[in-house]
Amino acid sequence: MLVLVTNDDGVHSPGIVALAESLASLGRVVIVAPDRERSAAGHSLTLHHPLRAEQIREDVFAVDGTPTDCVNLGIHGLLERRPDLVVSGINRGGNLGDDITYSGTVAAAMEATLMGVPAFAVSLEARSFLPEQFTPAADYALALARRIAAEGMPPDTFLNVNVPESSPLGVRLTRQGKRRYGDVVVEKVDPRGRKYYWIGVGELGFVESPGTDFHAVHNGFISVTPLHLDLTNYRSFDTLRAWNLEGEGGDPA
Ligand code: MN
């Protein structure tokens, strides 16, 4: 089995090291990861400058781009053949609820899915990130990878896995939860008297709803959320049909 491993915390992050070591029993693992932290890069692709991939060890490449660039470059350039699986992580911090839309970790799995390669993202929801704390997430990633190898992934699906801080109580199949976004931009003044801003400061809550990724992880369970790339909101069709958008705005011949 050929596994491509990436992340958004950078090629030197302890999470990716733990993940690659754990998956090594599956076959060959090639790391293609950003050369520095690119958390919250989302699904961004570098189109306006060239990318460099530096081989830093056998089967380890550091790319001066985003996690999405890494998957793209790995599949189309650096690997001799298509990988059987792409795994992204282990991220320092959970990727839960609405936050996944910002996540570079999740976007890497998304990119692999667009290319028809089975993929999952794995994140550790914790307050500290000592190397040994990644072990339960690394162990579960291996178990899940074995399962995907045996069963195959459902069509157009990738998995978002979040692992709690202490020993997991079990696994829950979950849906994406909802963030409670607050007043999170802090405005300050720099020594030259100009304003500056910090986004995302402070603790944010989640809507406490059973069955969600957030609820599972915060009750000590590993959360596995199946995601897909179709963002269509099917429930809105009835409401929007009543707007008669299709009956207006054109120039019927
Ligand atoms: Mn990250």
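# Pockets and sheet architecture of a predicted model

The second largest pocket holds about 650 Å³ of space. The model is predicted, so local features require pLDDT of at least 70 and side-chain atom pairs count only at pLDDT 80 or more, whereas totals for chains, interfaces and linings use all residues. Residues are numbered from 1 along each chain as its sequence is written, and side-chain values use heavy atoms, with hydrogens and water left out. An open sheet of nine strands is present, and the largest pocket has a volume of about 1200 Å³.

**Pockets**

- A pocket is an open set of points on a 1 Å grid over the protein atoms alone, where a 1.4 Å probe fits, with protein on both sides within 12 Å along at least five of seven lines; lining residues have an atom within 4 Å of a point.
- A volume is the space filled by probe spheres set on the points, which are joined across faces, edges and corners.
- The largest pocket, at about 1200 Å³, is lined by 35 residues, of which Gly 93, Gly 94, Asp 99, Glu 125 and Arg 179 are the closest to its centre.
- Two or more residues of the lining of the largest pocket come from each of β5, β12 (205-206) and α5 (213-218); helices (H or I, at least four residues) and strands (E, at least two) are DSSP runs numbered from the N terminus.
- Helix α5 gives the most to the lining of the largest pocket, with three residues.
- The lining of the largest pocket comprises 13 nonpolar, 12 polar and 10 charged residues, where Ala, Val, Leu, Ile, Met, Phe, Trp, Tyr, Cys and Pro count as nonpolar, Asp, Glu, Lys and Arg as charged, and the others, Gly among them, as polar.
- The second largest pocket is lined by 26 residues, and the closest to its centre are Gln 176, Leu 227, His 228, Asp 230 and Leu 231.
- The elements that give two or more residues to the lining of the second largest pocket are α3 (104-114) and β13.
- By class, the second largest pocket has 10 nonpolar, 11 polar and five charged residues in its lining.

**Sheet organisation**

- The nine strands of the open sheet follow the order β3-β4-β2-β1-β5-β6-β7-β13-β8, with mixed pairing; two strands pair if DSSP finds at least two bridges between them.
- Strands β3 (53-57) and β8 stand at the edges, each with a single partner strand, so one side of each is left without a neighbour in the sheet.
- From one strand to the next, the twist averages 20°.
- Strands β1 (residues 2-6) and β2 (residues 28-34) pair in the parallel sense over four bridges, and Val 3 stands opposite Val 29 in β2.

**Helices on the sheet**

- Helix α1 (residues 14-23) packs on the sheet and touches β1, β2, β5 (85-92) and β6 (119-125); contact means heavy atoms within 4.5 Å.
- The direction of α1 makes about 140° with that of β5, the axes being lines fitted to C-alpha atoms, for helices over the stretch in contact, with angles from 0 to 180 degrees between N-to-C directions.
- Helix α4 (residues 135-151) also packs on the sheet, where it touches β5, β6, β7, β8 and β13, and its direction makes about 155° with that of β7.
- Seven of the 10 residues of α1 are buried, so this helix is largely enclosed by the rest of the structure; buried means under 20% relative accessible area, exposed over 50%, and partly exposed in between (1.4 Å probe, protein chains only).
- The buried residues of α1 are Gly 15, Ile 16, Ala 18, Leu 19, Ala 20, Ser 22 and Leu 23, and they pack against β1, β2, β5, β6 and α4.

**Strand β13**

- Strand β13 (residues 222-227) is largely enclosed by the rest of the structure, because five of its six residues are buried.
- Strand β7 (residues 158-164) pairs with β13 in the antiparallel sense over five bridges, and Ser 223 in β13 is the bridge partner of Asn 162.
- Strand β8 (residues 171-173) runs parallel to β13 and is joined to it by three bridges; Ser 223 is also the bridge partner of Arg 172.

**Two buried residues**

- Phe 120, found in strand β6, is buried with a relative accessible area of 1%.
- Among the residues that Phe 120 touches, not counting residues up to four places away in sequence, are Leu 85, Val 87, Ala 109, Ala 141, Leu 144, Ile 148 and Val 161.
- Ile 75 is found in helix α2 (residues 67-78) and counts as buried at 7% relative accessibility.
- Ile 75 touches Leu 4, Arg 82, Pro 83, Val 86, Met 115 and Val 117, not counting residues up to four places away in sequence.
- Ile 75 and Ala 141 are 66 residues apart in sequence and 21 Å apart in space, C-alpha to C-alpha.
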